[in-house]
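Work through the exercises below with the model open. Each task is followed by a stepwise solution.

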Amino acid sequence: MTTTDPAPPEPRVPPVPPPPRWAVRAAHVAAWSTVPSGVWRVALVLGVPVGVMEREEFLAAFPHNSPLIGLAYVLVIGAVAEAASYLTLGLVRPWGEVVPLWIPLLGGRPVDHRIAVLAASLGAFAVTHL
């Protein structure tokens, strides 16, 4: 006779009504709002005339006018901005209420509102000042 371990209990989080459609749309607009800036920066580094400055003028800020360092900088700035803006989707998605189960040690726990506000504030600061 074999016994099997019962499945771990599901986390008990009170059900939350779905967000209004306008809020979902606004979160998606916010998440996509940083894409044009990233595309503009990459175009600038690749030498596409974007109307504000020339490629050489932009690359002069980097050591040895290195296009590789400039491209890496632009890609990192774009990735940070995209990741920060992606956090706005947590306001209208289930993973904004409960930490996904695949995250070690925290999976299944409710998201602390203070952490969410801190992440949103840091993301807004990064997108604004980078």
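**Exercise 1.** Sort the lining of the largest pocket by residue class.

Solution. The lining divides into 21 nonpolar, 6 polar and 2 charged residues. Here Ala, Val, Leu, Ile, Met, Phe, Trp, Tyr, Cys and Pro count as nonpolar, Asp, Glu, Lys and Arg as charged, and the others, Gly among them, as polar. A pocket is an open set of points on a 1 Å grid over the protein atoms alone, where a 1.4 Å probe fits, with protein on both sides within 12 Å along at least five of seven lines; lining residues have an atom within 4 Å of a point.

The model is predicted: local features need pLDDT of at least 70, side-chain atom pairs count only at pLDDT 80 or more, and totals for chains, interfaces and linings use all residues. Residues are numbered from 1 along each chain as its sequence is written, and side-chain values use heavy atoms, without hydrogens and water.

**Exercise 2.** Find which helix supplies the largest share of this lining.

Solution. Helices are DSSP runs (H or I, at least four residues), numbered from the N terminus. α4 (67–86) and α5 (113–129) each supply at least two lining residues. The largest share, 9 residues, comes from α5.

**Exercise 3.** Decide whether Ala23 is buried or exposed.

Solution. Start with its place: Ala23 is in helix α1 (residues 21–32). Buried means under 20% relative accessible area, exposed over 50%, partly exposed in between (1.4 Å probe, protein chains only). Ala23 has 16% relative accessibility, so it counts as buried. Next, take the C-alpha atoms of Ala23 and Val92: they are separated by 7.1 Å, with the residues 69 apart along the chain.
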